Amino acid sequence: MGETIVPAAVAGGQSDTDVNLAWQEDNQAWWDWYVSLAADDGAPITEFAPVPPLPDIARPSLDELTVELQTPYPLTEDEIEAFQRDSFIKLPDVLSPGAVMAMRDALLAMLSKAFGASLDGGVSDRFLSLEMMWQTDETIRAFVLSPRIAGICGRLLGADGIRLYHDNALSKEPGCGRTPWHYDDHHFPLATQNVVTAWIPAQPIPLAMGPLAFAAPMAAYKLIENLEFNKKDTSYDRTVAEIFAKNAIAVNETPFAMGEVSFHHNNNFHTAGRNRTTQSRIVLANTYYEDGARIVDSPTMVSGDWQKFMPGIGPGDVAASPLNPICWRRP
């Protein structure tokens, strides 16, 4: 993949590395642009790997789901130390299989309606995105505002209170290319290092489907933090991969089992491979931050349509709009 088609928000005569313009389009356009910055071999996938059928199991009622999502997860001190060392952790059995399937049903219905097509083969090569679903769907609201999930984030960070930044349904369709190497501190307009994204798969994710892959340890981002971001081609992604290889940075790329959830710090560098299967790789990604954080003084285009998630909040303000509720407080 070489030069990309540059959206209006990216153009305007600025240099390839100048990202100081505000993003002017919607978040789906942002994802279409961003995925185009990943280095790929460019060849279309002609043989797709089959995946086992999803389990035919009963879905919990909304009341049963709410109880599960309010029950604290038995996080250990060793797991907290591992996260703080590595900048990510994958935790098993955060969700029951029934809860995963209930979440998938809701996400699949909303994505199919938004994009006018059935997923799991009905759309090719796209990276589809929806956000702010918790405001309109009761099932997704239970997952997004979940004290169980937000509580894991708060305990991993050592925070006393956790607010929601936003939810995001991310569906990498069959044939879609890589997600470029990046770290979320580059994207979030939050003036804090206490930010975690819970990446919640809506089905098992085998290697052929492109699970999220994480660089470790936490300090790996320091090798990259002064690298200029190129908004027009794949050079940033390629350079990050080269720097990590040269410095023998460990990359964890492993499948996700049903109910397994990953949590990554905003300084964690991560990527994901192509979806070489016949099934949509659907994920609910919720980002949470420490209560009391402010907005940075100068958000950039890399933060996307961030004011959609924090209406009425400006640069330098405390990040606490009505759309950023507190989801967990330390007992």
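A polar contact is a pair of N or O atoms within 3.5 Å; within protein, one atom must be able to donate a hydrogen and the other to accept it, and residues adjacent in sequence count only if both atoms are side-chain atoms.

## Basis of the model

This is a predicted model, in which local features need pLDDT of at least 70 and side-chain atom pairs count only at pLDDT 80 or more, while totals for chains, interfaces and linings use all residues. Residues are numbered from 1 along each chain as its sequence is written, and side-chain values use heavy atoms, with hydrogens and water left out.

## Asn230 and its polar contacts

The side chain of Asn230 makes a polar contact with the side chain of Ser235, at 3.4 Å. A polar atom of the Asn230 side chain also lies 2.8 Å from the backbone nitrogen of Lys232. Asn230 is in the loop between strand S6 (212-216) and helix H7 (235-246); helices (H or I, at least four residues) and strands (E, at least two) are DSSP runs, numbered from the N terminus. With a relative accessible area of 10%, Asn230 is buried. Buried means under 20% relative accessible area, exposed means over 50%, and partly exposed lies in between (1.4 Å probe, protein chains only).

## Salt bridges

Side chains of opposite charge can pair when their charged atoms come close. A salt bridge is a side-chain nitrogen of Lys or Arg within 4 Å of a carboxyl oxygen of Asp or Glu. By this rule the count is nine salt bridges. One of them joins Asp86 to Arg85, with the closest N and O atoms 2.9 Å apart. Asp86 is buried, at 16% relative accessibility.

Another salt bridge links the side chains of Arg104 and Asp120 (3.2 Å, N to O). Arg104 belongs to helix H4 (residues 97-115) and Asp120 to the loop between H4 and strand S2 (127-131), so this pair ties together parts that are 16 residues apart in sequence. Arg104 is buried at 3% relative accessibility, whereas Asp120 is partly exposed at 31%.

A further salt bridge is formed by the side chains of Asp291 and Arg163 (2.7 Å, N to O). Asp291 lies in the loop between strand S10 (281-290) and strand S11 (326-329), and Arg163 lies in strand S3 (residues 161-172), so the pair ties together parts that are 128 residues apart in sequence. Asp291 is partly exposed, with a relative accessible area of 28%, and Arg163 is buried at 14%.

## Arg148, buried without a salt bridge

Arg148 is located in helix H6 (residues 147-157). Arg148 is buried yet has no salt bridge, and the nearest side chain of opposite charge, Glu68, is 5.5 Å away. For charge, Lys and Arg count as positive and Asp and Glu as negative; His and the chain ends are not counted.

A polar atom of the Arg148 side chain lies 2.8 Å from the backbone oxygen of Val94. Neighbours within four places in sequence left aside, Arg148 is in contact with Glu68, Leu69, Gln70, Thr71, Pro72, Tyr73, Asp93 and Val94, where contact means heavy atoms within 4.5 Å.

S2 and S3 run antiparallel and are joined by five bridges; two strands pair if DSSP finds at least two bridges between them. The bridge partner of Glu131 in S3 is Asn168.

Helix H1 (residues 27-35) is mostly covered, with eight of its nine residues buried. These are Asn27, Gln28, Ala29, Trp30, Trp31, Trp33, Tyr34 and Val35. The buried residues of H1 pack against H4, S2, S3 and S4.

## The four-stranded sheet

Four strands form an open antiparallel sheet in the order S4-S9-S6-S7. Its edge strands are S4 (179-183) and S7 (250-252), each of which pairs on one side only. Neighbouring strands of this sheet are turned by 20 degrees against each other on average, direction ignored; axes are lines fitted to C-alpha atoms, for helices over the stretch in contact, and angles run from 0 to 180 degrees between N-to-C directions.

S4 runs antiparallel to strand S9 (residues 269-272), and three bridges join them. His182 stands opposite His270 in S9.
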